[in-house]
Amino acid sequence: MIGRWRSSALEKNKVKVRRKLREPRFCFQTRSDVDVLDDGYKWRKYGQKVVKNSLHPRSYYRCTHNNCRVKKRVERLSEDCRMVITTYEGRHNHSPCDDSNSSENDGFTSF
Ligand SMILES: [Zn+2]
């Protein structure tokens, strides 16, 4: 057996993300100029809150769909105001972009 140089690449610097299984929340950061990112859904602002230690207020949005209770929280990072933190709470029970002018209105399938 011919000896080989082993490259001991044991760099494990990956940060483990803690999972919270209590509520279906999705939080991500995006570098954006606009607060509300276009995600296909329509949102209505229903609240605003002043955040301590931050120059930017936190905005609360709600899905405009009738039977949908998904909420969205938008705030800017205090260290970098170009970063937008978006937090979704809940899941949509409908598909996005269903507010378009479609002439097909067959009615809802009720069961
Ligand atoms: Zn929705």
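Is asparagine 53 buried or exposed? I looked that up first, and asparagine 53 counts as exposed, at 77% relative accessibility. My cut-offs: buried means under 20% relative accessible area, exposed over 50%, partly exposed in between, with a 1.4 Å probe and protein chains only.

**Ground rules.** This is a predicted model, where local features need pLDDT of at least 70, side-chain atom pairs count only at pLDDT 80 or more, and totals for chains, interfaces and linings use all residues. Residues are numbered from 1 along each chain as its sequence is written, and side-chain values use heavy atoms, with hydrogens and water left out.

**Confidence.** I checked pLDDT, the predictor's confidence in each residue, from 0 to 100. The chain averages 78, and 66% of its residues reach 70 or more. Residues 101–106 have pLDDT below 50, and beyond near neighbours in sequence that stretch has zero contacts in the model. A contact here means heavy atoms within 4.5 Å.

**Back to asparagine 53.** I found asparagine 53 in the loop between strand S2 (43–49) and S3. Helices (H or I, at least four residues) and strands (E, at least two) are DSSP runs, numbered from the N terminus. The phi of asparagine 53 is positive, about 60 degrees, although the residue is not a glycine. Most residues other than glycine have a negative phi.

Cysteine 63 in strand S3 (residues 58–63) and histidine 94 in the segment after strand S5 (83–89) are 31 residues apart, a pair linking distant parts of the chain. Cysteine 63 is buried at 6% relative accessibility, cysteine 68 is buried at 6%, and histidine 94 is buried at 14%.

Cysteine 81 came out partly exposed, at 41% relative accessibility. I also looked for disulfides (a pair of cysteine sulfur atoms within 2.5 Å), and the structure holds zero.

**Strands.** How many bridges join S2 to S3? I count six, and the two strands run antiparallel. Strands pair if DSSP finds at least two bridges between them. Lysine 49 stands opposite arginine 58 in S3. On to strand S4 (residues 71–76): four bridges join S3 to S4, again antiparallel, with serine 59 opposite valine 74 in S4. Five of the six residues of S3 are buried, so the strand is largely enclosed by the rest of the structure.

**Threonine 86.** I placed threonine 86 in strand S5, and it is buried, with a relative accessible area of 1%. Leaving out residues up to four places away in sequence, threonine 86 touches Phe26, Cys27, Phe28, Leu37, Lys72, Arg73 and Val74.

**Proline 96.** Last stop: proline 96 sits in the segment after S5 and is partly exposed, at 36%. Its contacts, not counting residues up to four places away in sequence, are Gly40 and Tyr41. Proline 96 and tyrosine 41 are 55 residues apart in sequence, yet 5.1 Å apart in space, C-alpha to C-alpha.
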